Amino acid sequence: MKLDNLAALNAERDARRPAILVTDTADGSQRLVREAEFAADPLAEVFRERLLSGNSGLVEIDGRSLFLTVQVPPVRLLVIGAVHISQALCPMAEALELDVTVIDPRTAFATPERFPDVALLAEWPDDAFARIGTLDRYTALAALTHDPKIDDPSLIAALNADCFYVGALGSRKSHARRLERLGEAGLSPEATARIHGPIGLDIGAITPAEIAVSILAEVVATLRRDRIKGRTAGKPADCLRHDLDA
Amino acid sequence: MLATDQTILREAETWRRAGRSVALATVIETWGSAPRPVGSHLVIERDGNFLGSVSGGCVEGDVIAESLDVIEDGRARVLEFGVADETAWRAGLSCGGRIRVYVERID
């Protein structure tokens with residue numbers, strides 16, 4: 001492999017853009033295809049399927065055996081709330097190789113002492129999102145503050161960006177109130193139905209660590225099932241209801 | 001540190017830029033129960049240092065030995081391992097699977 005191609009693959013990953021390296025396994029010839037070039041490529045249809053699954057693999061084209069190294073952006077987990085559950089969740093998320101950032105404007109919560117070695121932003125969610133870059137379909141968001149002032153804007157941003165997982169902590173009762181508020185804020189019922197609430201798989205979790213396990217299990221289940229079914233890409237991000245006649 | 005396939009490609013670039021001779025091995029095909037999925041990487045440098053895994057440890061030794069040849073002659077090649085190999089006991093997959101590994105030099 002040419003060092004240029006390797007460097008470009010690494011650069012695309014840093015920029016959170018998908019890329020595919022096509023290698024002819026017979027003669028070693030290679031070409032790197034970037035996101036902007038996918039659609040016009042002769043292998044466009046093959047690329048589309050591969051990007052949906054996120055899986056690398058061999059394809060036979062005109063008698064040639066081509067290996068596609070499929071690189072999709074690393075999965076990012078945004079945790080809203082520097083709370084007790086988040087403290088238990090961060091090391092587990094790291095073990096799962098999720099790229100974790102904790103966001104909480106309450107400076108008493110968002111301290112390096114409480115979150116050693118974790119990317120931590122003591123800012124309001126919208127300010128934090130502007131800093132870390134566009135939310136995308138390779139991003140999961142878990143809203144854990146119980147405070148609508150902090151949770152609601154982050155949920156709206158995540159749904160509008162078509163994040164693959166959006167979850168919110170709270171009882172069924174508080175989730176019902178949340179859905180009402182988000183509806184009043186202009187989100188459609190289809191959009192708010194994508195929120196996992198109460199958050200996490202139902203494993204009877206009680207302690208912060210157990211709740212963290214249930215949340216991360218739900219994130220993994222959504223990620224893997226979506227990829228298997230090829231649902232992570234191609235969906236329009238028009239979750240906001242545009243009431244033209246209002 | 002546990003190396004992921006993402007950190008491996010970064011490390012391969014870092015090693016090459018530091019002037020080291022580097023080969024990259026990639027699992028391109030698997031049959032049956034194989035320990036590492038297609039796309040898994042192993043990066044090897046001339047001194048024998050390596051990072052990553054293509055088989056969870058079963059055939060790494062052979063892949064590394066072949067990689068040193070690739071570093072020498074620069075010719076990419078496809079290696080195949082499985083229990084059907086005559087070398088099954090030396091470098092076979094105890095799980096009963098078969099894998100093909102593409103090895104190339106970083107130029």
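At what angle do helix 5 of chain A and helix 6 of chain A pack, and how far apart are their axes? The legends below take this up, after a word on the model.

This is a predicted model, where local features need pLDDT of at least 70, side-chain atom pairs count only at pLDDT 80 or more, and totals for chains, interfaces and linings use all residues. Residues are numbered from 1 along each chain as its sequence is written, while chains are lettered from A and ligands numbered from 1 in the order in which they are written.

**View 1. Helix 5 and helix 6 of chain A.** Helix 5 (residues 148-160) and helix 6 (residues 172-184) of chain A pack at about 60 degrees, with axes 11 Å apart (axes are lines fitted to C-alpha atoms, for helices over the stretch in contact, and angles run from 0 to 180 degrees between N-to-C directions). That makes helix 5 of chain A oblique to helix 6 of chain A (under 35 degrees is roughly parallel, over 145 roughly antiparallel, 65 to 115 roughly perpendicular, and the rest oblique). Helices here are DSSP runs of H or I, at least four residues, and strands are E runs of at least two, numbered from the N terminus.

**View 2. The residues where these helices meet.** Helix 5 of chain A brings A:Pro148, A:Asp152, A:Leu155 and A:Ile156, and helix 6 of chain A brings A:Arg178, A:Arg181 and A:Leu182. Contact means C-beta atoms, placed from the backbone, within 7 Å.

**View 3. Chain A against chain B.** Here 19 residues from chain A meet 19 residues from chain B. On chain A's side, helix 1 gives the largest share, 6 residues.

**View 4. Chain A overall.** Chain A has 8 helices and 10 strands.

Technical notes
Contact = placed C-beta atoms within 7 Å.
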